[in-house]
Structures are given as structure tokens and as C-alpha cells.
Amino acid sequence: MIPKEKVEAIVSKHNTIEKELSSGKVDPKSFAEKSKEYAELGVILKNATSYLNFKNEKKDLENIINDEKSDNEMKSLAKKELVELDKQNEINENKLKIFLLPKDLDDKKNAIVEIRAGTGGLEATLFVADLYKMYEKVCGLKKWVLEIINISKSEAGGFKEVIFSVNGYDIYSYLKYESGVHRVQRIPKTETQGRVHTSAATVAVLPEAEDVDIEIKESDLRIDVFRAGGPGGQSVNTTDSAVRITHIPSGVVVSQQDEKSQHKNKAKALKILRSRVYEAEKRKKDQERSSNRRNQIGSGDRSERIRTYNFPQGRVTDHRINMTLHKLEEFLEGEIFDEFIDNLNLQDQEEKLTNLAKQ
């Protein structure tokens with residue numbers, strides 16, 4: 001049972017913002033923020049109104065059913081309506097519970113995604129390239145903007161590491177479930193006896209931190225510059241354009257050498273560094289608040305094996321929700337990506353509701 005006051009607050013807030021927006025007295029910045037909040041409240045408004053009217057509507061139907069003056073046909077219709085009313089009230093209550101869950105403020109942020117080769121040698125680097133292409137296709141289908149920050153190529157034509165940012169609407173809330181160990185099982189092109197090899201890659205999804213999210217003092221940074229190196233250690237630049245930044249308090253180190261400009265490399269490195277330091281602080285606070293945080297679906301524990309891509313059987317399995325799809329090719333094309341994300345999000349919400357009920 002949800003407290004009536006909490007549901008009334010949703011309706012009241014929606015009405016208040018509606019009046020503010022129609023007044024013409026809201027400045028442009030506030031107008032955009034209030035418009036967004038108004039739209040979010042609008043999604044749940046019908047459920048909230050229906051939930052508040054439930055008791056009165058139920059009482060009216062029960063009066064018809066119990067009224068001796070009501071004919072049998074009217075009573076029968078009222079009973080059917082009452083069954084539907086109870087079902088709808090349950091749906092409304094569940095949706096409101098999810099809406100009223102404590103919000104992760106990072107969900108609305110853009111994201112920085114880091115993919116690195118794990119066990120499996122050169123085959124693992126090819127898998128990193130496959131994962132990157134998969135996320136690139138997902139972003140394309142979602143009309144999100146993907147920008148490469150850093151790529152380190154391998155001798156096999158794959159990537160040792162790929163770092164990129166994704167900009168759009170509620171990006172982190174969608175991509176955060178990708179953090180963890182991704183495992184691939186397939187026959188490498190170099191395998192002459194047709195044996196299936198297992199390789200792995202790690203994915204880290206960080207909320208993109210802004211200056212207002214975390215303060216990084218210049219005095220806490222050590223910045224080293226050096227010449228960018230190519231394959232085999234050869235210098236690919238005649239100037240010291242590569243940058244290595246160390247955040248002394250946390251020990252976080254970021255190197256960047258993709259750009260020919262030292263200034264651009266420094267800007268990209270700071271972008272990654274800010275997000276890594278912010279994530280480390282966020283993780284520390286989460287662990288202090290909740291001892292079972294690491295067991296939650298959206299915890300972003302990158303040491304956890306979350307998914308297996310089995311090429312011989314054409315299947316992809318998410319181990320957190322025990323879900324398997326025999327549509328590996330479609331998944332890698334980004335076409336059925338939502339099937340996993342929707343189920344991960346649903347289970348994450350169910351776990352949060354359970355934990356909330358225990359408190």
C-alpha cells in the first residue's frame with residue numbers, strides 16, 4: 001500500500017509545473033528542466049489519478065452489487081468491472097512503486113565506455129572489436145552520438161582497448177548494465193583443428209562527470225608529456241603531444257596520445273580522469289550505504305562475468321537473469337539488445353522494491 005500523500009504529491013507537482021510553464025514567466029534554462037520533469041510526471045499521472053480514485057470507484061461498484069434494487073444484468077456487469085478495477089489498481093500500484101523508487105541521479109548522464117581485452121590473447125582483442133561494433137550499432141539505432149576517445153590496435157586487427165563517449169537521453173541508465181566481464185566462445189581463424197576457444201573482455205561504463213559533479217584541483221594532478229608511440233615502440237610524432245595525467249589523491253592514471261595536439265590529448269585525458277575519479281567516489285559511497293550493493297543487477301561490478309557469446313551454438317546468455325537468446329547475430333547487430341536491457345532493468349527494480357520493503 002502506497003501512502004496517499006505520496007501519490008497526491010505527484011498530481012499536485014504536475015499541476016504546479018503546468019501552471020508555471022503556461023505562465024510565460026519561466027527563464028529558458030528552468031523552462032527546459034521543468035518541461036522535462038513535467039513530461040516525466042505526465043507518464044505516471046494517469047496511473048496516479050486512477051490509484052487515488054480506486055476506493056471510491058470500488059465502493060460505487062460494491063453498492064450496485066449489494067443493492068437489492070439492482071437487476072441481475074447490472075450486478076453481473078458491476079462484478080466484471082470490479083475484477084478489472086482490481087487488476088488495474090494492482091498495475092497502477094506497481095508502476096507507482098517503481099516511479100517512487102529512489103532515483104539514481106547518474107541515470108540521466110551521458111556515459112564513457114571502456115572495453116579492454118582480457119584472457120585469450122589476440123582472440124580477445126578481436127572480441128573487443130566485435131563488442132565495439134555492437135555498441136556502435138546500438139548507438140546508431142538509438143540515434144545516440146558516439147565519439148571515440150582512444151583506440152589501441154592489436155597485431156591481429158582487433159583492439160587492445162577502446163574508450164568512447166555516448167551522448168543522448170538517459171544514456172547511463174541504459175548502458176550501465178554492460179559493466180562486467182563478457183566471455184566469447186568460438187573457433188579462432190588461426191585454429192587448424194576446429195577447437196572452440198574461450199576469450200574475454202571487460203567493459204566499464206562510467207557516468208560522464210561534469211565539473212559540478214566533482215572538484216579536481218590542479219594541485220592534485222601530475223601531468224607528464226611524451227612522444228606518442230606506435231606499434232613496436234616507434235615514435236609516430238616528432239613532438240611531445242602524448243599526455244599522462246595522474247590524480248595523486250586517488251592514484252587514478254590516464255594516458256592519451258590519439259590526437260596530434262597536446263592540448264586535445266590533455267582535454268580527452270581529463271574527461272576520462274574526471275569520470276573515473278567520480279565513479280570511484282560513487283562506488284565508495286554506495287558500498288558504505290549498502291552492504292549488498294555488489295549483488296545488485298546495476299552495480300557495475302566489472303569483475304563479474306555477466307554474459308557469454310557462444311558462436312558455435314549461435315546463442316547469447318546473460319548470467320545475471322539466466323536469460324538465453326538463440327539469436328547471436330541479431331544481438332551483435334544491436335537489433336534485439338532491448339530484450340536483455342528491459343529484463344535487466346525489470347529485475348533491478350524488483351530487487352530495489354524488495355530491499356525497500358525490508359527497510
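Which charged end sits over the ring of Phe311? That of Arg186 does, 4.8 Å from the ring's centre; a charge counts as over a ring if NZ of Lys or CZ of Arg is within 6 Å of the ring centre and within 35 degrees of the ring normal.

## About the model

Welcome to a predicted model, where local features need pLDDT of at least 70, side-chain atom pairs count only at pLDDT 80 or more, and totals for chains, interfaces and linings use all residues. Residues are numbered from 1 along each chain as its sequence is written, and side-chain values use heavy atoms, leaving out hydrogens and water.

## The nonpolar cores

The largest nonpolar core has 39 residues, and Ile115, Leu131, Leu175 and Tyr309 touch the most other members. Such a core is a set of buried Ala, Val, Leu, Ile, Met, Phe, Trp, Tyr and Cys residues joined through side-chain atoms within 4.5 Å, where buried means under 20% relative accessible area (1.4 Å probe, protein chains only). Elements giving it two or more residues include β1 (111-117), α4 (121-142) and α8 (337-358). Helix α4 supplies the largest share, nine residues. Helices (H or I, at least four residues) and strands (E, at least two) are DSSP runs, numbered from the N terminus.

A second, separate core holds 15 residues, among them Ile149, Ile163, Ala209 and Leu221.

## Aromatic rings

There are 10 aromatic pairs here, with ring centres within 6.5 Å. One of them joins Tyr135 and Phe337 at 6.2 Å centre to centre, edge-to-face (planes over 60 degrees apart) with 80 degrees between the planes. Both residues are buried. Tyr135 belongs to helix α4 and Phe337 to helix α8, so their pair ties together parts 202 residues apart in sequence.

Terms used
Buried means under 20% relative accessible area, exposed over 50%, partly exposed in between (1.4 Å probe, protein chains only). Rings of Phe, Tyr and Trp (its six-membered ring) pair if their centres lie within 6.5 Å; planes under 30 degrees apart count as stacked, over 60 as edge-to-face and the rest as tilted.
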